[in-house]
Amino acid sequence: MVEDEQALRNDIAEELQEAGYRTCVAADGQQALTLLINTAPDLLLCDITMPGLDGYELLDTLRARHPEFAATPFIFLTALAEPREVVKGKLLGADDYLVKPLDYDLMLATVEAHLRQVKRLRQQHRDEVATLHKAVSGLSGDGADQALDLIALGIVLLDDQGKTTRVNRAARHMADDANVVRIDETGIQALDRFSNRALQAALGDVNNAAVGGEEKVMGVMLQREQQENSVSALVCALPQATAENSWQRPGVAVFLSASHFRQRASKTLLMELFDLTPTEARVAGALAGSARKADIAEELGITQTTVAFHMRNLFDKTRTHRQADLIALILAGPMMVQSG
């Protein structure tokens, strides 16, 4: 909640807390931006007329520069009840208005209504990601084919001999349409000899890691000379499972993304699905892109120790235990689930 008048700010926070809500308060727009670096609120209440960064400027900044808050309801608290002011806020992306002096019963009802909508959207996303969890946790088990086919990301599973054990629908389509890779029962090959050399080297290194019980992730760009289409391959080790899942043999998962219809889960959805902080969502996105702590630390301007801390949180919140499974969930987010 953002309000420059201290007495009103305290009163609003008290009303919300008595209704069972946890609150985080700021005295102006700039202070709010600072708080939002490591806070992911379910809803924002914000005054318009404030010194420094006012409510309009805060909303404009969030909508333009922070897509992770695109789905967060933004409600103005204002004494400006003129229609042109309401229109201005709506055009900037405000979701609702509460006019001062505040009717606290109306405020609580408005907050509850918007949070119910957020809850419905999150439940829909959770239902979708439950399918993804099933697909990833059952990569080598019976009945995973149907779940894998729901994911728009190409997935190829190989055993420890490099033979294909499963190929989802998206991977088959990529192989047919992009004319960059070939997938059959013998394995996966790039049609360009230089790309294939890099791919087979990555497959060999990652498979050796899996057989040795280690995790390893390598990225390879596959393309053909004088052809615009390309396919990005993320090669992930699937080490021997624990005794609880002794059915799983070591092997390799290859995640494919074609350049002409590449998609990526938004930070906003990652935050909503797994209850991530903004920083954790940025680490998750960077992890899917580079997979190396040093690269992630350099990209985000943080230390490798901080990256490791956030990765532990990601494992806990996504209920995964291996980097390959975590990356699969990040890449195969709800924006990548086929609608039919």
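**Salt bridges, cores and helix packing**

Author: The structure holds four salt bridges. Keep in mind that this is a predicted model.

Reader: Which residue forms a salt bridge with Glu 3?

Author: Lys 100 does. The closest N and O atoms are 2.9 Å apart.

Reader: And which parts of the chain does that pair tie together?

Author: Lys 100 lies in the loop between β3 (96-99) and α5 (104-137), and Glu 3 is in the segment before α1 (6-18), so the bridge connects parts that are 97 residues apart in sequence.

Reader: Is Glu 3 buried or exposed?

Author: Buried, with a relative accessible area of 0%. Lys 100 is buried as well, at 17%; the cut-off for buried is under 20%.

Reader: What does Asp 47 form a salt bridge with?

Author: With Lys 100. There the closest N and O atoms are 3.1 Å apart. This pair also links distant parts of the chain. Asp 47 is in strand β1 (residues 44-47), Lys 100 is in the loop between β3 and α5, and they are 53 residues apart. Both Asp 47 and Lys 100 are buried.

Reader: Now Arg 116. What's its partner, and how far apart are the closest N and O atoms?

Author: Glu 112, at 3.4 Å. Both sit in helix α5, and because they are four residues apart there, about one helical turn separates them.

Reader: How accessible is Arg 116? And Glu 112?

Author: Arg 116 is partly exposed, with a relative accessible area of 43%. Glu 112 is partly exposed too, at 40%.

Reader: Which residues do shared partners join into one network?

Author: Glu 3, Asp 47 and Lys 100.

Reader: Switching topic. How many residues are in the largest nonpolar core?

Author: It has 46. Those with the most contacts inside it are Leu 58, Leu 62, Phe 74, Phe 76 and Leu 276.

Reader: Which helix gives the most to this core?

Author: Helix α10 (residues 278-290), with five residues.

Reader: Let's zoom in on Phe 74. What is it in contact with, leaving aside neighbours within four places in sequence?

Author: Quite a list. Among its contacts are Leu 44, Cys 46, Leu 58, Leu 59, Leu 62 and Ala 94. Phe 74 also touches Gly 55, Arg 63, Asp 95 and Asp 96.

Reader: What's in the second core?

Author: That one is separate and has 26 residues, including Ala 171, Ala 175, Ile 183 and Leu 256.

Reader: Helix packing next. At what angle do α3 and α4 pack?

Author: About 20 degrees, with their axes 9 Å apart. Angles under 35 degrees count as roughly parallel, so α3 is roughly parallel to α4. Helix α3 covers residues 55-65 and helix α4 covers residues 83-92.

Reader: Is the crossing left-handed or right-handed?

Author: Left-handed.

Reader: Which residues meet there?

Author: From α3, Tyr 56, Leu 59, Asp 60 and Arg 63. From α4, Glu 85, Lys 88, Gly 89 and Leu 92. Leu 59 and Arg 63 also came up as contacts of Phe 74.

Reader: Last bit, the whole chain. How many helices and strands?

Author: The protein chain has 13 helices and 10 strands.

Reader: And what share of the residues is buried?

Author: Buried residues make up 49% of the 340 in the chain.

Reader: How much of the contact set comes from residues 24 or more positions apart?

Author: They account for 57% of the contacts with a separation of 6 or more.

Notes: Residues numbered from 1 in each chain as written. Predicted model: local features only at pLDDT ≥ 70, side-chain atom pairs only at ≥ 80, totals over all residues. Heavy atoms only, no water. Salt bridge = Lys/Arg side-chain N within 4 Å of Asp/Glu carboxyl O. Helix = DSSP H or I, 4+ residues; strand = E, 2+ residues; numbered from the N terminus. Buried < 20%, exposed > 50% of the residue type's maximum accessible area, 1.4 Å probe, protein only. Core = buried A, V, L, I, M, F, W, Y, C linked by side-chain atoms within 4.5 Å. Contact = heavy atoms within 4.5 Å. Axes fitted to C-alpha atoms, helices over the stretch in contact; angles between N-to-C directions. Parallel < 35°, antiparallel > 145°, perpendicular 65-115°, else oblique. Left-handed = near helix turned anticlockwise from the far one by under 90°.
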